[in-house]
Amino acid sequence: MKKIYGLFFLLALVACQKKDKHQEVNELFQSDITLLIEKVAKLKYSVQSDSTEVQIQRQFREAHQSYKKVEMISEYYSPAVSKAINGPAIPEFEENDKVTVPPEGFQVIEEFVFPKYDKEHKKELLQELGILSANLARLEKVSKSNQLTDAHVFDAMRLEVYRIVTLGITGFDSPVVLNSLPEAVAALETIEKYYKVYVEDKPVSNSNQVLEILKKGQQYLKTNTNFNAFDRAYFIKEIANPLNKGLFKTRSELGIPLMKEQRGLKTTAQTLFDSRAFDPEAFSGFPDYQTTPEKIALGKKLFNDPVLSGNNTRSCASCHHADKAFTDGLERAVSLDGKSMLQRNTPTLNHIAFQRVFFDDSRVSYLEDQAIAVIKNENEMHGSLEKSALVLQKDANYVRDFKKAFPKGTINEFEIKNALASYIRSLSQYDSKFDAYMQNKENFTADEKAGFNLFAGKAKCATCHFIPLTNGTVPPNFDRSESEILGVPNKSKKLDGDLGKFVITQAAIHKHSFKTPTIRNITLTAPYMHNGVYNTLEEVIDFYNEGGGLGLGFDVPNQTLPEDKLNLSELEKKQLIAFMRTLTDKKYLK
């Protein structure tokens, strides 16, 4: 009898010592960090010992692919450290401290090693490798305090698939060597490794299906290695989307809860391309900004009423025409005095709710503040919300409408701007052929599909106009919106004199910097660029094809757009436009 009790005690002890699934994942993650540190050390040694260019380039590829094995958890728990390890090779201005921080990490090192390694830069390269090694040591240290849970692991897996789709296969973080496809293999292998931890000893109805998709994805990436020819449409529709749906189902069967927080990309979205996958409310910032049908109706009424302008002659709709995707079709809008032109082109209001900053120079962070800035601008509306509120308080219909939208029944500056912003947020609901295609509801023509593959590949459009939003809001967290320096010309074919974001920050790296807008409904929003310099999409594509301002011979030392020519054929240019036409919301096609 004592032996039997002893056996039960031993089994109970073993059961108690059995690791939780997320603990197993954390151990695998720690092991991969160690491997990454070793890979970078080997690369550093090769540079120190003057190994051949071929050896150094091979070891860089191996090290960066090794980073892809830690990326999923590293980006999830330590985004700041991850950015230092693998962020864009572009300086960044820290607005709080008013200092410009130089870039560091793999993408900086990549530019030293590819396309050719020059030993004259050995000292600088070793310095960058030293910084990278220090940041990896930092990652190793901070990762030991990660509080993993099963919910966090599944959330991180889901986001990593989104990262592969939006930043991986597009070449965003391998801009010179274009090693994105092998790196995507490493990312999928890691997802597979973590996924197996959860299904190896538990009955899950779709586990075999998910594992098959993961193998299919890896094999497809290994077989189709030509970056420019890679069929991204196929990969997303046949591998990435089914994989995300499979992970969602497995999580549900295992009883692992969804994350409860409100995000730009909803935690309930099973793919990036789900209908209503993005939550405009999560971009608005404050609970009292919440959109309601009553606020939308009131906002639309105010949007079309000249009562908000100083001379009662101009409404928001005067420059934002609904039939032109809320643009005006002009190079630049006419000033309130009717004699001059505004400084910049009128932007579309469709889908702008899915951004973290507004105006071309990124000077405000919320739609409410954008509304105020336009109304108060002496060249645009020259109005006063305080005065408008007094006028509206005397209008019985508006008093009734405000009371419906705001139960307190007051009419003040906040309520006016919040109603306007609520209406604008309501304009952010995707309904294009592209969305239907990604949801398997419609088919693309051969040219439309080729155009998408160019957009997300050879033409490099998606490295700034991130899919599916096609604006500068960075996936997969969608928590910041980027600006770019393109070197846009003026009508005289000289560098445009508008300094953009520099006027706000006074940071040299922001000279000629402008927010990356959405290109949804782009066929309706000509003319193009912040100054309306181009009338056709063909002209825009030619500009990018030449390498932007640098390609045109302008002095733009801080240009963020690569100056290398894209070498697009005439057919490829037409295919790009064919794809961009699929971004038109169906309400405009009726």
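Q: In this predicted model, which residue takes a positive phi just after α11?
A: The model is predicted, not experimental in origin. Look just past the end of helix α11. The phi there is about 75°. The residue is Gly-255.

Q: How far apart are the end C-alpha atoms of α11?
A: Helix α11 covers residues 232-253, which makes 22 residues. At 1.5 Å a residue, the helix should span 32 Å. The distance in the model agrees with that, at 30 Å.

Q: Where in α11 does a kink lie?
A: Look for the proline in this helix, Pro-242. The kink comes shortly before Pro-242 and amounts to about 25°. Its place is Ala-240.

Q: Which residue caps the N-terminal end of α11?
A: Start from the backbone nitrogen of Ala-233. A side-chain oxygen lies 3.4 Å from that nitrogen. The oxygen belongs to the capping residue, Asp-231.

Q: Which element gives the largest share of the lining of the largest cavity?
A: This cavity holds about 140 Å³ of space and is lined by 15 residues. Two elements give two or more residues to that lining: α8 (150-168) and α11. The largest share is 5 residues. They come from α8.

Q: How many residues in the lining of the largest cavity are nonpolar?
A: Phe-154, Asp-155, Arg-158, Arg-251 and Leu-258 lie nearest the centre of this cavity. Across the lining, 3 residues are polar and 3 are charged. The nonpolar residues number 9.

Q: How many residues in the lining of the second largest cavity are charged?
A: This cavity holds about 60 Å³ of space. Its lining includes Lys-68, Glu-71, Glu-160, Arg-163 and Glu-183. By class, there are 3 nonpolar and 2 polar residues. The charged residues number 5.

Q: What is the radius of gyration of the chain?
A: The chain has 23 helices and 4 strands. For 590 residues the globule rule gives 25 Å. The chain comes close to that, so it is as compact as a globular protein of that length. Its radius of gyration is 26 Å.

Q: How many charged residues are in the lining of the second largest pocket?
A: This pocket has a volume of about 500 Å³. It is lined by 29 residues, and Ser-275, Arg-276, Ser-428, Gln-429 and Tyr-430 lie nearest its centre. The lining has 10 nonpolar and 7 polar residues. The charged residues number 12.

Q: Which residue does a cis peptide bond join to Pro-476?
A: Pro-476 lies in the loop between α19 (446-455) and β3 (483-485). Omega for the bond is about -5°. The partner is Pro-475.

Q: Which residue does a cis peptide bond join to Pro-527?
A: Find Pro-527 in the loop between β4 (513-515) and α21 (537-545). Omega for this bond is about 0°. The partner is Ala-526.

Q: Which residue has a positive phi although it is not a glycine?
A: Go to the loop between α2 (21-48) and α3 (53-67). A residue there has a phi of about 55°. The residue is Asp-50.

Note on methods: Residues numbered from 1 in each chain as written. Predicted model: local features only at pLDDT ≥ 70, side-chain atom pairs only at ≥ 80, totals over all residues. Heavy atoms only, no water. Expected span 1.5 Å × (residues − 1). Bend = angle between axes of the 7 residues up to and from the residue. Polar contact = N/O pair within 3.5 Å; in protein donor to acceptor, adjacent residues only side chain to side chain. 1 Å grid on protein atoms, 1.4 Å probe; cavity = no way out; pocket = protein on both sides within 12 Å on 5 of 7 lines; lining within 4 Å. Points joined across faces, edges and corners; volume = space filled by probe spheres on them. Nonpolar A, V, L, I, M, F, W, Y, C, P; charged D, E, K, R; others polar. Rg over C-alpha atoms; globule rule 2.2 N^0.38 Å.
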